[in-house]
Each structure stands twice: as structure tokens, then as C-alpha cells.
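Open the model in your viewer and keep the selection tool at hand. Each stop says what to select and what is there.

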Amino acid sequence: MDKVIIAQDVSLAYSKEETIINKANFSIDSGSFVFITGASGSGKSTLLKSLYGALKPIEGSLVVGGVELRGVANKKLNFLRKHLGIVFQDYKLVKEWTIEKNIMLPLIINGYEKSITQNQVDSLLKHVRLKHQSGKYPLELSGGEQQRVAMARALAHNPILILADEPTGNLDDYSSQLIWNLLEGANEQLKTTVIVVTHHIPQTMKIEYKHYHIEFGDIHEVI
Amino acid sequence: MKSFKNHISLVVALVSILFSMQIFMIVDRSISAYKDNLAMNYSLVVVSQKKINTKDLLNKLTSLATIEQLSADKVIKKLNTGISQKNLELLKITLPKFYKFKLKTYPTPSQLKKIKKQLLRYPYITKVETFSNTHDTTYKLLLLFKKVIMVLAITILLVTILLIFKELRIWQFKHNERMNIMGLFGAPTWLRSAVLFRLSIVDALISFAISFVIFSYLAANEWVLNQFANIGISVVVFDKIYDSLIMLSVAILVSILLASFIVLGHKEEV
């Protein structure tokens with residue numbers, strides 16, 4: 001099976017004094033569903049940030065979607081990010097844009113035609129049960145609704161890899177279930193690789209998944 | 001209302017830059033016009049023992065505009081009583097010649113000294129009256145006025161620059177989040193900053209339009225024109241082509257610089 005992520009002796013740090021991830025080795029198969037767990041401050045979010053190039057490895061090799069992220073140039077990083085769908089714990093929606101425009105963002109960046117963009121956004125709004133709210137701005141929505149918008153944005157351009165950082169962290173049951181269903185659907189139907197950083201793996205998971213755990217700066221698979 | 005708020009702060013800063021720039025241009029033009037006016041009304045009186053070859057002198061001294069011989073009749077008329085016609089004729093021949101020299105531009109005190117020195121080199125020129133006291137006072141007043149206006153313009157410019165820098169920080173804060181999010185989805189720099197550049201160009205156009213309306217009104221305002229007429233000068237308050245082009249260029253340049261600073265100073269959050 002193809003590997004979408006290959007990490008060899010990867011070390012991650014915000015400063016020279018403190019290494020968060022120390023010479024970790026792991027690989028993730030294309031089309032798999034992966035949970036990454038760990039205690040608070042163990043480096044889960046740091047690892048996720050490194051997967052979309054916001055934090056570059058200080059040593060080792062980290063290849064995501066065929067792109068080596070250590071010392072990656074901006075142009076190449078932008079190319080990779082165009083094929084990623086990212087869901088953040090704090091949603092990261094553009095406040096001055098309507099939710100419709102927020103969902104359109106990756107489609108605009110990828111240069112999709114207007115008609116395709118509109119159809120895709122309409123379909124996603126239906127999936128996240130927010131069709132009736134399309135003209136609203138993020139701050140007019142609840143946290144759960146905002147995360148559903150962020151989820152729709154991450155799925156809009158059919159990415160090869162979805163990275164989700166605590167996607168259901170502070171959400172109500174309805175929104176949480178909707179988000180898990182969407183992530184499972186993307187993985188099952190579109191064969192999109194999904195990596196979720198979380199404290200708890202939901203009990204309701206219907207599909208097969210892999211589980212990695214971060215402890216003391218190391219990543220290991222939980223079997 | 002939200003959109004209005006987005007624009008108002010930069011528009012105010014840009015309008016004040018354009019306003020101070022145009023005011024300075026008007027003052028500069030007024031001073032030039034006033035200087036021309038002074039040059040027109042200012043003349044030297046030269047006393048010569050013989051008739052001056054005006055053509056020759058005008059060729060040699062390029063700062064001279066015209067040379068006009070003053071009639072001695074007025075002086076002779078005063079002496080008319082008690083002097084015979086024959087003596088009067090004799091007096092007419094022996095009296096020195098008086099000339100009024102006009103200059104091309106209103107000279108500085110040092111230029112005036114130089115002209116006087118050049119004229120006195122001619123042996124037949126015995127006296128040059130420059131009315132230097134009056135001249136110096138007027139010239140110094142003119143310089144003082146120009147300096148005061150320049151200080152005022154620089155002060156306005158400094159205040160405006162501070163205003164723009166404050167605006168820069170607000171914009172940085174406001175646009176960084178959007179640019180950051182767009183960057184996380186792979187948007188190239190031009191796409192991330194497109195909104196910013198569009199907004200700054202719109203603000204530049206709004207500021208230009210406001211300034212254009214204000215100065216077009218002032219240029220046609222009777223009270224303003226009367227003020228210039230009262231000091232005997234005619235000044236172009238607002239040239240709709242030349243001044244507009246300068247205003248538009250400055251407004252666009254400043255706002256694009258502002259946007260560029262934000263784009264260059266943008267760093268992705270980690």
C-alpha cells in the first residue's frame with residue numbers, strides 16, 4: 001500500500017532548548033483512518049502542525065504526499081496544502097466572510113470554475129445541515145455549527161489527506177456525531193486518508209482505524 | 001456601516017496627506033506669483049553721465065528685463081522760475097541721465113548686490129539706487145512666510161505618517177488572520193494579499209475623489225479667488241489634470257506601500 005506520510009528520525013521543536021518529538025519513526029498508509037492520542041502537552045498538535053508544514057522538522061525526514069517538509073520552499077508547501085483538508089480546534093474561519101465563502105476558500109485557491117464551486121458548496125452545506133445559514137457570518141453561529149463549516153471547508157476540494165485537531169473537542173453530541181460521520185464517509189467513500197488528533201477515540205466508530213499514541217516525545221502504534 | 005468603518009481610517013489619513021500636499025503647492029504657486037508681481041513692480045534707478053546703449057547693456061546683463069530712460073523734464077520744470085531759456089537748455093545737456101531698470105525676477109539680496117556691482121563697473125554709471133532696505137524687508141517676509149508654510153506642511157505630514165503607521169498596525173491585526181487561514185490552504189502570496197491591495201486601492205480612489213471635489217470647489221470659490229486678487233496675483237488653485245494626476249499617484253503609492261508593508265511583514269502563526 002502507498003504511504004501518504006513517511007517520518008524518519010523526525011524531531012520537532014519550537015525552540016532549541018526543548019524538543020517535543022524526538023527522532024520519531026512512523027508511516028501512514030494512503031486511505032487509512034488514524035487516531036493520534038496522548039496526554040495534554042505530549043505533542044499531538046505539534047505533530048499535526050508539522051504535517052501541514054506550519055512547523056518544520058529540526059532533524060530527520062518527514063515526507064507528506066511526496067513532499068519533503070524539512071526545509072521545504074513556500075511554493076512546494078503551498079502545492080501540498082492545496083491537497084490537504086485541515087480542521088482546527090478553533091475552527092479558523094474567516095470572520096468577515098459568509099460561511100458559504102469560507103467553504104469556497106479551498107476551491108477558489110485550487111482554481112475551480114464558479115459553477116462547480118457553487119454546486120460543491122451547496123452540496124456540502126446540505127451535508128453539514130447548514131443550508132439555511134449559508135449567508136451568515138461565522139460569529140453568528142454556535143461553536144458546533146462553526147466546526148461543521150470548517151469540516152465542510154476541509155472536504156470541499158476532495159483532499160488526499162484530512163488533518164483534524166480535536167475536531168469535536170468542545171462540541172455538542174449532535175455536531176460531534178455529524179463530524180465523525182463526515183470523516184468516516186470521506187475515508188470510506190472517497191478513500192481519503194484521515195488523521196485525527198484527539199484525547200478520546202469515539203466509541204461509535206464504524207470503520208477500521210489505526211491508533212498511534214505519543215508519549216515522552218515518541219510515537220508508537222497501539223495494537 | 002461595517003464596510004464604512006473598514007475604509008474611514010485610511011481615507012482620513014490619505015485625504016490629510018493629499019490636502020497638505022495641495023495646500024503646499026498652492027502656497028508655493030502663490031509665492032512664485034507674488035515674486036513675479038514684485039519683480040514687475042520693482043526697479044532700480046541708475047544715474048549715468050552719458051546716454052546708455054540699452055541694447056548692448058541688456059545683452060551683457062541677462063538679469064535685466066527692460067531699461068527705460070526717465071525724463072528730466074520734471075526736475076527742469078521745478079527750476080523753471082528765474083532761469084533763462086538758454087540756461088535751461090544748457091542745464092538739460094549737462095544734467096546726468098536717469099534710467100529705470102526692471103529685472104526679470106525678484107532678486108535675492110545677494111543677487112541685487114551683484115547686479116549693482118556689475119553696473120558700477122561701467123565708468124559712466126555714477127549711482128545705482130536699489131532701495132535695498134525696502135527690498136530686503138519684503139524678501140525676508142516672503143522667505144519667512146514660505147518657511148512657516150513648509151514647517152506647517154511637514155508637521156501635517158509627520159502627523160499623517162503617524163496616523164498611517166497606526167492604521168498599518170490595525171490592518172496588520174485585521175488582515176493577518178485571514179491571510180494566515182488562506183495560507184494554511186495553500187493560497188499563494190498574491191491571492192492572500194489580493195483583498196488587502198483591492199481595499200487599499202479603493203481607499204486611495206475614495207481619498208482622491210474627496211480631495212478632487214474639495215479642491216475643485218475651492219478653485220471656483222469666489223472668496224478664495226478674491227483673496228488672491230486682493231494681493232494682486234492670479235494663482236491656479238487646482239489644475240484638474242496636472243494636480244489630479246499627482247494626487248491620484250500619491251494616494252495610490254501610499255496605500256500600495258502600506259499594503260506591501262503588511263504583506264512583507266506577515267508571518268505565519270505556528
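**Stop 1: confidence in chain B.** This is a predicted model. Colour chain B by pLDDT. The average for chain B is 85, and 95% of its residues score at least 70. Select helix α3 of chain B, residues 73-78: confidence in chain B is lowest here, at a mean of 72. Now select helix α7 of chain B, residues 189-220, where confidence is highest, at 92.

**Stop 2: the interface.** Show chains A and B together. How many residues of chain B are in contact with chain A? The count is 17 residues of chain B, against 22 residues of chain A. The size of an interface is often given as the accessible area lost when the parts come together. Here chain B and chain A bury about 1,700 Å² between them. Carbon and sulfur atoms carry 63% of that area.

**Stop 3: salt bridges.** Two salt bridges run between chain B and chain A. Select Glu177(B) and Lys95(A): their side chains meet in a salt bridge, 2.6 Å from N to O. Over all chains the count comes to nine salt bridges. Next, pick Lys3(A) and Asp29(A), a salt bridge whose closest N and O atoms are 2.7 Å apart. Lys3(A) lies in strand β1 of chain A (residues 3-15) and Asp29(A) in strand β2 of chain A (residues 18-29). The pair is 26 residues apart and links distant parts of the chain.

**Stop 4: a helix pair.** Select helix α5 of chain A (residues 143-155) and helix α6 of chain A (residues 173-189). Their axes come within 9 Å and cross at roughly 10°. Angles under 35 degrees count as roughly parallel, and α5(A) and α6(A) are therefore roughly parallel to each other. Show the contact side chains. On α5(A), they include Arg148(A), Met151(A) and Leu155(A). On α6(A), look for Leu178(A), Ile179(A) and Leu182(A), among others. By class, this contact has eight nonpolar, three polar and two charged residues.

Technical notes:
Residues are numbered from 1 along each chain as its sequence is written. Chains are lettered from A and ligands numbered from 1 in the order in which they are written. This is a predicted model: local features need pLDDT of at least 70, side-chain atom pairs count only at pLDDT 80 or more; totals for chains, interfaces and linings use all residues. Side-chain values use heavy atoms; hydrogens and water are left out. pLDDT is the predictor's confidence in each residue, from 0 to 100. Helices (H or I, at least four residues) and strands (E, at least two) are DSSP runs, numbered from the N terminus. Axes are lines fitted to C-alpha atoms, for helices over the stretch in contact, and angles run from 0 to 180 degrees between N-to-C directions. Angles under 35 degrees count as roughly parallel, over 145 as roughly antiparallel, 65 to 115 as roughly perpendicular and the rest as oblique. Contact means heavy atoms within 4.5 Å. Ala, Val, Leu, Ile, Met, Phe, Trp, Tyr, Cys and Pro count as nonpolar, Asp, Glu, Lys and Arg as charged, and the others, Gly among them, as polar. Buried area is the accessible area (1.4 Å probe) that two parts lose on being put together, summed over both. A salt bridge is a side-chain nitrogen of Lys or Arg within 4 Å of a carboxyl oxygen of Asp or Glu.
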